[in-house]
Amino acid sequence: MCGRYSIFAKAKKLEKRFNAELGDDLTPRYNAAPTQTLPIITNAEGERKIEFFHWGLIPSWAENPAIGSKMLNARAETLTEKPSFKKALQSRRCLVLADGFYEWKTEGKKKQPVRTSLKSGEMFAMAGLWENWTDKETGEVIHSFTIITTEANDLLKPIHDRMPVILLPKNEEIWLDNELPTEQLLKVLKSYPADELKVENVSKSVNNVAYDDCSILLPDAEEPEDLKLF
């Protein structure tokens, strides 16, 4: 699954990379977490722009927006079967903008957080779906999204059996194309090439959403041997 990621690029660099205008101020996110509003690009017609949606898909038919906390991810293999994702796949797809994502690997009895990113250091787009949900009482509209996952590649399999779908740059436009049949869209939902990714240890402070600064990217210092007795 994908439960945390990062996107802290400068606004101008983000706009250039994705050929889209930024519609709002960009807050660097070193520890992007569920329920936060985060930058995506939708397949909606009109001017291409970077918008901020709530992470955790809320289907339009949902009675309560709390359901979004259970829909952070959508499995690529079952998108055409799940009522929550089937219609969104047909008409509401998006690019979730990121520069890395976090996972936790088991080391003995401990969990070590790691960050996966491109070896090039460039930003990338994860495949996503989006929805609009309207509160029947107040009329409030919540724009939300989910991240699509697939089987982990050889680099990440020792850490987790799933990974987010990182789209190859050439497939980003395909994913947003409203004219393509579902069968062709599904073909781009593959594991990213392992030899183009790197995995690095990061600070355990990523476990706490209150920590959201560049110190997260640094691995925790080893505890001196003479202190391990106390």
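Visitor: What do the side chains of Lys-157 and Asp-154 meet in?
Guide: The model is predicted, with local features needing pLDDT of at least 70 and side-chain atom pairs counting only at pLDDT 80 or more, while totals for chains, interfaces and linings use all residues. In it, Lys-157 and Asp-154 meet in a salt bridge, 3.7 Å from N to O. A salt bridge is a side-chain nitrogen of Lys or Arg within 4 Å of a carboxyl oxygen of Asp or Glu.

Visitor: Which residues do salt bridges that share partners join into one network there?
Guide: Glu-151, Asp-154 and Lys-157.

Visitor: Is Asp-154 buried or exposed?
Guide: Asp-154 is exposed, at 61% relative accessible area, and Lys-157 is partly exposed at 43%. Buried means under 20% relative accessible area, exposed over 50%, and partly exposed in between, using a 1.4 Å probe and protein chains only. Residues are numbered from 1 along each chain as its sequence is written, and side-chain values use heavy atoms, leaving out hydrogens and water.

Visitor: How many salt bridges in the whole structure?
Guide: A search finds 11. One of them pairs Arg-162 with Glu-77, with the closest N and O atoms 2.9 Å apart.

Visitor: Changing topic: which residues are buried in helix 2?
Guide: In helix 2 (residues 83–91), these are Ser-84, Phe-85, Ala-88 and Leu-89. Down the helix axis they fall within an arc of 105°, so they line one face; the arc is that of the directions from the helix axis to the C-beta atoms. Pro-83 and Lys-87, on the other side, are exposed.

Visitor: What covers the buried residues of helix 2?
Guide: The cover includes strand 10 (124–134), strand 11 (141–151) and helix 3 (169–176).

Visitor: And Glu-172, which helix is it found in?
Guide: Glu-172 is in helix 3, and is buried at 4% relative accessible area.

Visitor: What does the side chain of Glu-172 make a polar contact with?
Guide: The side chain of Arg-17, at 2.7 Å. A polar contact is a pair of N or O atoms within 3.5 Å; within protein, one must be able to donate a hydrogen and the other to accept it, and residues adjacent in sequence count only if both atoms are side-chain atoms.

Note on methods
Helices (H or I, at least four residues) and strands (E, at least two) are DSSP runs, numbered from the N terminus. Contact means heavy atoms within 4.5 Å.
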